[in-house]
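Good morning, and thank you for coming.

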Amino acid sequence: MAMKRNGKSPVSSDPDEQVMFFKDVSLGPHETQLRFRLIHFWEARNPVKKTLIGLEMLLIDEQGTVIQGFIPPGRIKKYLPDMKRGSVYKLINFYGSKNKPVYRVADHVATVSFAWNYEMSVLREIPISFDEDRFRFHSYEDFEANCDLKGDLYDVVGHMKLVDGQTLIERPSLDHAKIATTRHIMVHVQSHKGPVMKLYLWDQAATDFCEKFNSCENTPTVLLVTTVNTKRLGGTLALTSMSSTRVFMDYDVQPTRDYFTWLGSNPEIANQVSADVITKRETLSIAEIFSYMTQESAKAAFFECTATIDDVVHGYPWYYIGCSGCHSKATNGPSSLICTNPKCEKVNTDGVAQYRAKISVYDNSEQAFFVLLGDAGRELTGRHASELVSSYFEANKSEGADHEVPVPEALISTIGQTHKFCVKVTDHNFSGNTRAITVTKIVSLDPTPPTEASVRNDIAAMSEEAAQTGNDVCGPLKGRGVSGDEESKRMCSSADPELTPKM
């Protein structure tokens, strides 16, 4: 008996038995032996009728080749009690059915379908080493290229930026009851130096994530999710889990450990993208933003909103004097301006005019007041606030420094313009102190900006699609008799291949 590498348990078997490796599996019936480790198994159901199609499996042999397996529904009850993830099995008699090109989780052209006369047993002792798992990682560019194609389902590993809309600066609190009701949770994840992606975890994957996250002693950082499908949601690439998805964190498997080490050697990567950048992509109407502000569960969030400017509010200061370092408000001190931000190193500072203009905007649903801050005002007018203030005083030298500069033409000329505004809803909006919404950025206006209705429809479609990992194996399970062929036909008649795409 030989010990397995990487600390795996020893196993042995009769060396005289003929064994076929996965790389040699072809289409059609086989009366030979396979040996494999069971990586994962899950139920495949018709996404419309919800009927059980069979049991899907992910298998790996001693050469490290991964293949997909399938057990018809009539045989699941007999073998399910003996099936355990990570165990090694021997299978005699199987049928190599064609691996469909949609929702694939393995590269092999065939699927190992358990024939009517197959024999499966646990191998407890064989002098062969089986790898525990195998992952298929791809880059952001690959995800983009395969978006909405319903092709291969790849694995993703990266570091988490937001969990359920919460940053990881303070450990997020995940509500089991909420996740059970909504059936999903959204995680913003960034892989190496790629852009941040939205990852939607559904049903069991959401539950597994919540349990793993809450059970970790320290706040988890690294996330690995298997077999994700790529969709375009609101014009943005999104990843969605499927019924075959598994979730790993930090030190669970070797790839997460390797990524954790890499992230520790590149600490600047973890802070590369700020929370406002990765949460601003949700597009709402003004009415929907106001509705969100009234919800008890609402919290600070960033949205995009397309609106038309119909006025610039007069009698309201359109700028303020800010610290030249951190742009916080500066106040008059005994001999100089003082920054009001206690964390700022510039106690005595030079004052710089910053935008704080209040504009009235409207869309097809509602009217609102937006407050332009900092760079948002410059993006709208094309000029810095300090430049406009300086120009005014140069033209009006008789005015004192305390004189309030009237609203400049650069702002007034924007009336009638339509823009896409990145807005921030804050605690002040929830407390009722103000309904004015802060604008943090103005972005280019897309020809057809996505609506909240389209986003909801996309999410609903993703929810249904997350269940579409069924395997409609309809090839005849030929063996020593005709019963396998008859059962296969019955299976095919109950499973619509267009509605039950195989992974």
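Helices (H or I, at least four residues) and strands (E, at least two) are DSSP runs, numbered from the N terminus. Please note that this is a predicted model, in which local features need pLDDT of at least 70 and side-chain atom pairs count only at pLDDT 80 or more, while totals for chains, interfaces and linings use all residues. Residues are numbered from 1 along each chain as its sequence is written, and side-chain values use heavy atoms, with hydrogens and water left out.

Which residues of α4 are buried? They are A205, A206, F209, C210 and F213; buried means under 20% relative accessible area, exposed over 50%, and partly exposed in between (1.4 Å probe, protein chains only). Seen down the axis of α4, these buried residues line one face, because they fall within an arc of 135°, taken from the directions from the helix axis to the C-beta atoms. On the other side of α4, Q204 and S215 are exposed.

I turn now to the cores. A nonpolar core is a set of buried Ala, Val, Leu, Ile, Met, Phe, Trp, Tyr and Cys residues joined through side-chain atoms within 4.5 Å. The largest has 39 residues, of which W318, F370, L372, L411 and F421 touch the most other members. Strand β13 (residues 301-312) gives the most to this core, with six residues. Apart from it lies another core, of 27 residues, including A206 and M249.
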